[in-house]
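Biologist: Please take a close look at the place where the two chains meet. How are the copies related, and what do the helices do there?

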Number of protein chains: 2
Amino acid sequence: MLYFIGLGLGDCKDITVKGLEIVRQCSRVYLEAYTSILTVGKDALEEYYGRELLLADRDMVEQQADEILKGADVSDVAFLVVGDPFGATTHSDLILRALNAGIQYRVIHNASIMNAVGCCGLQLYNFGETVSIVFWTDTWRPESFYDKIKKNRDMGLHTLCLLDIKVKEQSMENLMRGRKIYEPPRYMTVAQAAEQLLEILQNRRDRGEELAMTQDTVCVGLARVGAENQTIRSGTLQELASSDLGGPLHSMIISGDLHPLEVDMLKLFSGPEGLKTLKMTDSSTYVS
Amino acid sequence: MLYFIGLGLGDCKDITVKGLEIVRQCSRVYLEAYTSILTVGKDALEEYYGRELLLADRDMVEQQADEILKGADVSDVAFLVVGDPFGATTHSDLILRALNAGIQYRVIHNASIMNAVGCCGLQLYNFGETVSIVFWTDTWRPESFYDKIKKNRDMGLHTLCLLDIKVKEQSMENLMRGRKIYEPPRYMTVAQAAEQLLEILQNRRDRGEELAMTQDTVCVGLARVGAENQTIRSGTLQELASSDLGGPLHSMIISGDLHPLEVDMLKLFSGPEGLKTLKMTDSSTYVS
């Protein structure tokens with residue numbers, strides 16, 4: 001049996017009881033290590049589980065899947081994923097390969113940013129399509145996520161923005177020379193994401209477009225959701241552009257129409273001046 | 001401290017290790033009992049946790065919140081919620097009351113249907129706004145969820161449909177006579193939801209509207225997600241209208257544009273004739 005086990009978002013003890021029992025009984029345990037990280041490292045997990053963990057990076061999962069699947073028809077192998085196994089990324093390819101090789105699989109779910117983001121008080125029902133905001137480079141500055149935010153805002157919906165993660169990346173020089181030397185991991189901050197959005201707004205303003213949002217639109221920055229030192233900050237896009245929410249991982253929400261109860265929750269996470277750009281449109285709706 | 005603890009979706013052992021430790025150390029433990037149920041009952045939870053659970057129904061949470069909060073400033077109280085505490089419903093009101101009374105709170109996240117639905121192989125990124133499908137009565141037959149499905153489909157997005165739950169409902173007669181006698185719980189099945197959708201499609205067709213979907217649109221029915229006997233069925237809306245996925249809880253997905261990898265996953269859950277209404281629009285997109 002191949003088990004896909006979600007680890008949740010915080011630390012060692014966010015695994016489910018069921019997941020922990022399975023980890024401790026499997027013959028091999030892989031830790032997927034390219035789409036996210038826990039706030040604790042591999043060592044802490046190994047100590048708590050009492051098991052050696054084999055790091056499965058993107059190369060391994062995509063090119064050496066056979067190694068992961070080896071023997072899983074006669075013994076149990078676990079594949080650990082931060083969050084939910086089907087949260088931020090799916091592992092459909094590995095499932096299909098397993099089934100092709102006659103190996104059954106089972107999923108042990110857990111919290112992921114896709115549902116835990118509800119902790120800021122915005123209703124999950126009121127979210128539209130999730131978007132990813134990627135690191136811009138000198139030559140690649142995509143704005144497509146802004147258009148999706150616009151569609152969500154037009155329908156009064158909130159937008160969860162997942163912020164870029166760069167793990168095991170090669171510099172252009174190392175890539176061209178075929179050297180497998182990797183850059184340190186990078187994580188986009190809420191401030192960086194807000195900066196990029198402000199720049200897009202300026203570009204669109206210059207082109208005379210009607211804007212989906214402004215620097216005064218209320219947004220929420222989230223850092224290390226689920227961890228002891230989780231931080232949530234609500235305020236205008238402009239405010240978040242100069243915020244410092246500490247270490248990774250960060251994500252951000254662009255608000256749509258807000259219910260008064262959602263506003264009351266956001267007040268818990270705003271500064272004294274926060275949310276003053278909100279306007280009531282009717283007795284049950286605020287917008288910014 | 002007031003702890004909001006998610007129980008996940010399956011059985012006793014889907015609680016996180018952290019959540020279980022907290023449950024066992026709290027002075028009182030409430031089980032929220034009106035928005036969902038685990039596939040195991042209260043007795044099974046009590047036996048596994050080794051703790052008495054106090055059922056918190058809607059009346060209690062809304063009208064007797066003080067009782068839940070009593071003493072939580074000096075000792076620990078746990079409030080257990082099936083799924084994630086901020087998944088299908090938020091408990092913002094209880095949080096705000098707690099903070100007003102000088103009581104701190106903490107959230108222990110878990111899987112909810114909002115992210116676990118990814119187990120069918122459809123990418124969570126490609127979902128639009130979630131909708132709720134309610135039981136129709138003779139006099140109340142709302143169609144608003146259809147319009148949201150249409151908006152999602154227009155953008156190529158999938159729609160998660162949460163199906164109605166009726167717990168602790170009074171009959172009209174008992175309600176009018178002020179008798180607190182409650183009907184047995186009811187859970188909408190995938191077949192019932194599909195039937196209602198087919199009827200809406202007929203209504204709209206009669207009015208000459210352009211349809212968002214047809215009886216041939218590929219949908220996914222899910223039952224008891226996360227449990228040992230979880231069932232997933234993919235097929236046309238018409239097929240699902242005559243499906244029997246067994247006991248509660250059920251939910252349904254109306255597909256949008258499908259990536260080939262999503263189609264490969266859905267094939268795992270379809271009958272031999274399944275998915276034959278899918279058409280390729282370009283090399284990376286299927287629609288139905």
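Modeller: Contact here means heavy atoms within 4.5 Å. In this predicted model, local features need pLDDT of at least 70, side-chain atom pairs count only at pLDDT 80 or more, and totals for chains, interfaces and linings use all residues. Residues are numbered from 1 along each chain as its sequence is written, chains are lettered from A and ligands numbered from 1 in the order in which they are written, and side-chain values use heavy atoms, without hydrogens and water.

Of the interface residues of chain B, 100% are also interface residues in chain A, so the copies meet through the same surface.

Now the helices (DSSP runs of H or I, at least four residues, numbered from the N terminus). Helix α5 of chain A, residues 92-100, packs with helix α11 of chain B, residues 260-267, at about 45°, and their axes are 10 Å apart. The axes are lines fitted to C-alpha atoms over the stretch in contact, with angles from 0 to 180 degrees between N-to-C directions. From α5(A), the residues A:Ser92, A:Asp93, A:Ile95 and A:Leu96 touch B:Leu261, B:Asp264 and B:Met265 of α11(B). By class, this contact has four nonpolar residues, one polar and two charged (Asp, Glu, Lys and Arg count as charged; Ala, Val, Leu, Ile, Met, Phe, Trp, Tyr, Cys and Pro as nonpolar; the others, Gly among them, as polar).

How values were computed
Helices (H or I, at least four residues) and strands (E, at least two) are DSSP runs, numbered from the N terminus.
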